[in-house]
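This report walks through a single protein model.

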Amino acid sequence: MAATGTLALAATRSRAQRPPAARTQAATEPAGIGTPQDDWAEFRRRYLLPEGRVVDTGNRNVSHSEGQGYALLAAVRADDQGSFGRMLGWTLANLKRREDNLFSWRYQPDQQPNVTDPNNASDGDLFIAWALLEASARWGSADYRRRAISIARDLLRSCAVQVQGRWVLLPGAYGFQGRARTVLNLSYCAFPALRALGREVGDPVWGRIEADGLALLAQARFGRYGLPPDWLELRPNGDIAPAEGWPARFSFDAVRIPLNVVWAGQTDHPCVHAAIGFWADPDHRAMPAWTDLRSGHPAPYPAHSGIVAVARLSIAAVLARGDAGVMPRIGAAPDYYAAALTMLSRMAWRDLQLTPAMR
């Protein structure tokens, strides 16, 4: 099971429907949530270096394929072709793997070489490919579409596997599957990205990964609240459990699961209601950052603004409407990851049109 960089990837990463292109224009935005341009300008000012590298300010200023993908998508939505081009250029020059069209998961500015582990992270690849598809549609680039399809095909080849009759997306190309177990991170399944790539590539496996991922999430419920863990293992006998070697928590990775699920319009999914039940529990003095799925103990410190954004998005999505004024702003985030969660949550809010238009 062990492979170079697998536990390092997990430790570092464990901190921390297709939108019409025209909707990125301010004139068509729902009232209250603000514009993608404003959100992107704040994120870009704080976390994007001139050369196109997105810095994780809470983690020694490293960069991840995940962060590059998030920012690429935000730049498309904001119609910022210049920043998109710089970020894509940096990503291709520094993270693209030699053997395929996927991307190494981490860049360390204080190390030589800067990329010490060539393994990919499937969520980063998904977001980069999704952003390229949207960029191709917005700016009329056949090259962007070609690159997106190449990433999608290599993801299927390297990371899509059948386990116990289910199609699942491995967190990376190697290090997560062995005889004793398969380790998954279900927050890596960005369902809107899966749908976008599935429509473009036409391979039915994309739909199976989504359907089987949602079904697995309905089973992967643990602890007092019935929540999914950051890291899950599937065993040969059919059992599923929080993965050994990682804290059994609904935490900084798994918080993205309700974001991905509601963004895909699956607001009745039990994992969404379980997360809302945890976040809104009146026993909490403040919304906790995480909960231990074995002991039931919550984090001794409160959730940052990015988690609050996901929680408020989830509640509004279940209600099918909400007051955008309750959504945290990117400027309130203490670091990159909180800002990224906030930016993605606000993006999903717009896509789902949760704020009724002014009359």
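Aspartate 79 is partly exposed, at 35% relative accessibility. (Buried means under 20% relative accessible area, exposed over 50%, and partly exposed in between, with a 1.4 Å probe and protein chains only.) The model is predicted: local features need pLDDT of at least 70, side-chain atom pairs count only at pLDDT 80 or more, and totals for chains, interfaces and linings use all residues. Residues are numbered from 1 along each chain as its sequence is written, and side-chain values use heavy atoms, with hydrogens and water left out.

Aspartate 79 sits in the loop between α3 (65-77) and α4 (81-94). Helices (H or I, at least four residues) and strands (E, at least two) are DSSP runs, numbered from the N terminus. The phi of aspartate 79 is positive, near 60 degrees, in a residue other than glycine. Arginine 60 also has a positive phi near 60 degrees. Its place is the loop between α2 and β1 (63-64). At 47% relative accessibility, arginine 60 is partly exposed. A cis peptide bond joins glutamine 112 to proline 113, with omega about -5 degrees. Proline 113 belongs to the loop between β2 (106-107) and α5. Most residues other than glycine have a negative phi, and most peptide bonds are trans.

## Salt bridges within helices

The whole structure holds 24 salt bridges. Each is a side-chain nitrogen of Lys or Arg within 4 Å of a carboxyl oxygen of Asp or Glu. Side chains of opposite charge can pair when their charged atoms come close.

Glutamate 42 is partly exposed at 22%, while arginine 45 is exposed at 60%. Helix α6 (residues 142-159) holds another pair, arginine 146 and aspartate 143, again three residues apart and about one turn of the helix. Their closest N and O atoms are 2.5 Å apart. Arginine 146 is partly exposed at 45% relative accessibility. Aspartate 143 is partly exposed too, at 31%.

## A buried pair and a network

Which parts of the chain does the pair of glutamate 233 and arginine 181 link? The salt bridge itself has its closest N and O atoms 2.6 Å apart. The pair links distant parts: glutamate 233 is in strand β6 (residues 232-234), and arginine 181 is in the loop between β4 (166-169) and β5 (182-184), 52 residues apart. Glutamate 233 is buried, at 4% relative accessibility. Arginine 181 counts as buried at 17%.

Salt bridges also form a network, which links Glu66, Asp123, Asp253 and Arg256.

## Packing around helix α5

The axes of α5 (residues 122-139) and α6 come within 8 Å and cross at roughly 155 degrees. That makes α5 roughly antiparallel to α6. Axes are lines fitted to C-alpha atoms, for helices over the stretch in contact; angles run from 0 to 180 degrees between N-to-C directions. Under 35 degrees counts as roughly parallel, over 145 as roughly antiparallel, 65 to 115 as roughly perpendicular, and the rest as oblique. By class, the α5 and α6 contact has eleven nonpolar, two polar and three charged residues. (Nonpolar covers Ala, Val, Leu, Ile, Met, Phe, Trp, Tyr, Cys and Pro; charged covers Asp, Glu, Lys and Arg; the others, Gly among them, are polar.)

The axes of α5 and α7 (residues 191-201) come within 9 Å and cross at roughly 55 degrees. The two helices are therefore oblique to each other. Leu126, Ala129, Trp130 and Leu133 of α5 meet Pro192, Ala193, Leu194, Ala196, Leu197 and Glu200 of α7. Contact here means heavy atoms within 4.5 Å. These residues divide into nine nonpolar, no polar and one charged.

## A buried alanine

Alanine 348 lies in helix α12 (residues 336-352). Is alanine 348 buried or exposed? Its relative accessible area is 0%, so alanine 348 is buried. Alanine 348 touches Leu259, Trp263 and Leu313, leaving out residues up to four places away in sequence. Serine 295 is 53 residues from alanine 348 in sequence and 33 Å away in space, C-alpha to C-alpha.
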